[in-house]
Amino acid sequence: MKIERLELRLLKLPLVHFFETSFGRIYDKHFIIVRADGDGVSGYGECVAEQDPYYSAETNDTVWHIIGDFIAPRVLGVEFAHPREIFPALKAIRGHNMAKAAVEMAAWDLYARAHGEPLARVIGNGGSARERIASGVSIGIQDSLDDLAAKVERELAAGYQRIKIKIKPGWDVAAVDMIRQRFGSIRLMVDANAAYTLADADHLAALDRYDLMMIEQPLDYEDIADHAALQKRLTTSICLDESIHSLADAREAIGLGACRIINIKPGRVGGFGESIRLHDLCAAHGIPVWHGGMLESGIGRAANIHLSTLPNFSLPGDIAGSKRYFNPDLIEPPIEVAADGTIAVPAGPGLGVSIRTDRIEQATRRVATFEVGNLNSDVVQTSDVKLQT
């Protein structure tokens, strides 16, 4: 496999509904799509960095810089036997996992398309993969408990197998209590996005009586030690997300007992290759994993589905239907959730979905191309246009 050309596009898509976490509320999604071309085939990757450095230190601007100035020169024109070789080839670049993952994802799609195989089979080394995955849904912080109840009711009616709600100080126990009173023993978890400190341990312990599947990332995004102390004080399982940037982080967290579950996001750990290694490490230690979400378009969402076919993805992930977030999406057909709360794994080569380049073009705010022998970017600013339905 040889990447002969990289194209970066910064896109802006309106969300169907606003999404709020402990970081704040957003109405639009700003993100970068990477296209990798080689041997007459194209592969696509989606970067999960955001406009602001709240979930991660990376932003769209840092990703644009790192890919153009550092990653492109290290991958263009280089013969790779397999896309798993790309992350090690970028070792000299410290951090910037989301930038690395976006290019690596495009390379995996390129490789799978060139071999005429669904991405799931390439990820699983040709072994049998699930034909469907279990789907859960993430509900952001709402304006009122009644609004939250309406959202939960709507998602349960849509068939989702698990409900996750975002929490923060002042929006936590009462929200969970309301859901349990109105909806009974549904599969329920909460995600704090690092909104609490160890001083809040007694308050978080109040959630133990609600039989939650897990509390995701309650403490600081770089912390492991305090999570270990908190887990000892809770009966509810802690799941780590932001704290796990690498296999070394995961080994430390597992060794200290900082969590009983781990959320895998390829962008957070550097791509599919590192995600597979993290999956295998967790499986070896009896730690179940599930696939997190970053409000991806159908491009990133399709990639998440393929990765979730690995066997230790044993809990429903945050991989919901396209129509919850973008209408229309950037792919055809859109990702849809069946009445039983499952999603079909796309069966075509690579991502297995058709990329709507016309919709990508409409949503583009900036574009740059990098080719073998010419690493000067051609950047074009575009007007602020909306996707047409």
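These notebook entries record what I looked up in a predicted model.

**Entry: helices H5 and H6**

I began with the pairing of helix H5 (residues 145–157) and helix H6 (residues 173–183). Their axes come within 10 Å and cross at roughly 50°. H5 and H6 are therefore oblique to each other. I noted the handedness as well: H5 passes H6 in a right-handed crossing. I then listed the residues that make the contact. On H5 these are Leu145, Asp146, Leu148, Ala149, Val152, Glu153 and Leu156. H6 contributes Ala174, Ala175, Met178, Ile179, Arg182 and Phe183. Sorted by class, the contact comprises 10 nonpolar residues, three charged residues and no polar ones.

**Entry: nonpolar cores**

I turned next to the nonpolar cores. The largest has 125 residues, and Leu6, Ile165, Leu207 and Ile262 have the most contacts inside it. Helix H3 (residues 97–114) supplies the largest share of this core, with 11 residues. I also recorded a second, separate core of seven residues, among them Met214, Cys239, Trp290 and Leu315.

I followed up Leu207. Setting aside neighbours within four places in sequence, Leu207 is in contact with Ile167, Val173, Val176, Val190, Leu212, Ile215 and Thr236.

**Entry: Glu274**

Is Glu274 buried or exposed? I located Glu274 in helix H11 (residues 272–284). Its relative accessibility is 11%, so Glu274 counts as buried, the cut-off being under 20%. With neighbours within four places in sequence left aside, I found Glu274 in contact with Phe87, Leu247 and Val269.

Key. Residues numbered from 1 in each chain as written. Predicted model: local features only at pLDDT ≥ 70, side-chain atom pairs only at ≥ 80, totals over all residues. Heavy atoms only, no water. Axes fitted to C-alpha atoms, helices over the stretch in contact; angles between N-to-C directions. Helix = DSSP H or I, 4+ residues; strand = E, 2+ residues; numbered from the N terminus. Parallel < 35°, antiparallel > 145°, perpendicular 65-115°, else oblique. Left-handed = near helix turned anticlockwise from the far one by under 90°. Contact = heavy atoms within 4.5 Å. Nonpolar A, V, L, I, M, F, W, Y, C, P; charged D, E, K, R; others polar. Core = buried A, V, L, I, M, F, W, Y, C linked by side-chain atoms within 4.5 Å. Buried < 20%, exposed > 50% of the residue type's maximum accessible area, 1.4 Å probe, protein only.
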